[in-house]
Amino acid sequence: MRRYLSSVAAIIQPSKLASILVIWSITLLYVLFQGGKTAFMLFIMVSVLIAYLIAGGLGGVRRAKGTRSLYSEQDKGDLLSAGGHLRVKLKVTIPGILPLPYVVVREVLKRHNGESWVFEESVIPSLRGIGELKFQTPALERGTYMFSNTDIISQDIFGLVEHKGTFLSEGQFQVLPRAIYVPRWQLYERKSRLSGPQTSVVQSRRETTQINGVRDYVYGDRLTRIHWNATAKTGSWKSKEFEHESIPKTILVLDGSTSAYMNTNQFELAVSVTASLLGFGIRERIGIGLCCLDKTTKVFAPVEGAAERQKMIQYLIDLNAEGRGPLISRLEKGYRMFPKGSYFVLISPQRGQPVLDALRWADSRGMTASHIHVRNSAEINSSGNDWIDVLRSRGITGYGISSLQELPSVLGGEG
């Protein structure tokens with residue numbers, strides 16, 4: 001008898017189990033001392049109800065399983081951009097022969113930085129024990145997200161017994177940082193002491209005689225440009241793709257110092273600026289690398305390939321601004337991957353001597369330094385402009401950004 005009670009106690013909470021035993025004992029005593037059809041029928045009804053409640057915990061929700069499907073506006077459930085919503089469909093299967101009027105499904109979504117969201121909704125299972133839950137997440141920010149254990153809870157109408165089942169259905173996805181289209185960058189378009197004497201115009205780079213691949217025929221291509229072998233194999237007109245004249249490589253340095261940012265939004269702006277410039281490099285086929293001064297110093301060498309550039313953007317997804325220490329000491333850890341003669345673009349909210357030291361460090365290693373100053377939205381504009389003037393007085397290119405929408409005009413020389 002003790003073994004059966006212990007197994008039942010594992011299913012039902014001890015306090016509620018005690019309440020059930022008290023009710024059952026009262027009806028039993030009522031039958032023994034009062035007798036009669038009424039007392040006997042009451043005892044049978046309570047016994048059947050208690051047996052039903054306990055039997056529901058032996059099977060039912062405790063053995064529930066489920067499968068999750070993710071949908072987004074970009075039709076890529078495992079990858080979407082910041083600010084987007086994700087639609088989730090959870091199909092729950094509850095085994096057993098006893099019908100359940102309803103169950104409560106509780107989902108927990110966790111972000112890589114520890115934030116979490118709880119989604120709870122009641123579901124009415126079919127006679128076969130199959131139910132479906134659909135919901136939409138709020139607007140999600142950059143990061144890696146995953147669903148933890150899903151709880152299935154069933155409870156009788158009297159609140160005497162609560163059965164709980166748990167299962168894990170894989171559901172992980174990533175949200176890319178916000179990015180904006182940058183049509184042009186003044187750094188590559190002007191020959192001046194601010195952007196370096198070796199600067200050439202991106203849009204007017206001349207092609208070399210080195211074949212880089214094959215592309216679709218464009219109306220106006222000369223006959224000498226037609227790739228006859230590729231045209232014969234594919235059945236459609238193909239033209240030769242030639243390499244462009246090389247321009248200086250660029251290394252984007254993202255400051256991930258904990259003490260540098262006043263709030264999360266300021267760091268998200270810095271990450272978004274970095275992602276936007278990486279996108280500019282992909283479109284313009286510019287060799288852009290990435291250096292993240294976060295908890296560890298991570299350096300990606302400048303490349304023109306889209307695949308390597310995607311690795312850089314993927315790395316930005318999980319950054320948390322956990323870096324500590326001076327900028328120079330962290331730059332020294334990865335200086336071997338900084339090409340000489342390249343553009344050194346520091347993306348940081350800091351200003352003053354620490355930034356000047358970092359820019360001077362880059363200049364001493366043969367790089368052309370510039371600074372994208374990521375301002376706080378509440379920062380006084382005049383003080384931010386004063387810092388840009390200080391940089392320009394020293395012959396250093398400087399840009400002040402307080403919102404992502406300003407980036408195209410500021411980089412293009414319109415702001």
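Alanine 321 is buried, with a relative accessibility of 13%; buried stands for under 20% relative accessible area, exposed for over 50%, and partly exposed for what lies in between, using a 1.4 Å probe and protein chains only. This is a predicted model, in which local features need pLDDT of at least 70 and side-chain atom pairs count only at pLDDT 80 or more, while totals for chains, interfaces and linings use all residues. Residues are numbered from 1 along each chain as its sequence is written, and side-chain values use heavy atoms, with hydrogens and water left out.

**Overall make-up**

- The protein has ten helices and 18 strands; helices (H or I, at least four residues) and strands (E, at least two) are DSSP runs, numbered from the N terminus.
- Of the 415 residues in the protein, 44% are buried.
- Taking contacts between residues at least 6 apart in sequence, 68% join residues at least 24 apart, where contact means heavy atoms within 4.5 Å.

**Backbone at alanine 321**

- Alanine 321 sits in the loop between helix 6 and helix 7 (327-331).
- Its phi is positive, about 60°, although alanine 321 is not a glycine.
- Most residues other than glycine have a negative phi.

**A hairpin**

- Strand 4 (residues 103-111) pairs with strand 5 (residues 116-123) in the antiparallel sense, over eight bridges; strands pair if DSSP finds at least two bridges between them.
- Lysine 110 has serine 116 of strand 5 as its bridge partner.
- Four residues lie between the two strands of this hairpin, and glycine 114 has a positive phi near 105°.

**Nonpolar cores**

- The largest nonpolar core holds 41 residues, and Trp185, Tyr188, Leu252, Val273, Leu316, Ile347 and Ile372 touch the most other members. Such a core is a set of buried Ala, Val, Leu, Ile, Met, Phe, Trp, Tyr and Cys residues joined through side-chain atoms within 4.5 Å.
- Elements that each supply at least two residues of this core include strand 13 (250-255), strand 14 (288-293), strand 16 (343-348) and helix 6 (306-316).
- Helix 5 gives the largest share of this core, nine residues.
- Apart from neighbours within four places in sequence, leucine 252 is in contact with residues including Trp185, Leu277, Leu290 and Ile347.
- A second, separate core has 23 residues, among them Ile94, Leu133, Leu140 and Ile152.

**Aromatic pairs and charges over rings**

- The structure contains eleven aromatic pairs. Rings of Phe, Tyr and Trp (its six-membered ring) pair if their centres lie within 6.5 Å; planes under 30 degrees apart count as stacked, over 60 as edge-to-face and the rest as tilted.
- Tyrosine 145 and phenylalanine 173 are a stacked pair, because their ring centres are 5.3 Å apart and their planes are at 5°.
- This pair ties together parts 28 residues apart in sequence, because tyrosine 145 is in strand 7 (residues 143-147) and phenylalanine 173 in strand 10 (residues 172-176).
- Tyrosine 145 and phenylalanine 173 are both buried.
- Trp117, Tyr145 and Phe173 make up one aromatic cluster.
- Phenylalanine 300 and tyrosine 315 have ring centres 5.6 Å apart and planes at 70°, so this pair is edge-to-face.
- Phenylalanine 300 is buried, at 14% relative accessible area, whereas tyrosine 315 is partly exposed, at 26%.
- Lysine 298 lies over the face of phenylalanine 300, 5.1 Å from the ring centre. A charge sits over a ring if NZ of Lys or CZ of Arg is within 6 Å of the ring centre and within 35 degrees of the ring normal.
- Arginine 365 has its charged end over the ring of tyrosine 335, at 5.9 Å from the centre.

**Two loop residues**

- Asparagine 376, in the loop between strand 17 and helix 9 (381-393), is buried, with a relative accessible area of 7%.
- The side chains of asparagine 376 and asparagine 263 are joined by a polar contact of 3.2 Å. A polar contact is a pair of N or O atoms within 3.5 Å; within protein, one must be able to donate a hydrogen and the other to accept it, and residues adjacent in sequence count only if both atoms are side-chain atoms.
- Isoleucine 180, in the loop between strand 10 and strand 11 (207-216), is partly exposed, at 24% relative accessibility.
- The C-alpha atoms of isoleucine 180 and serine 272 are 7.9 Å apart in space, and the two residues are 92 apart in sequence.
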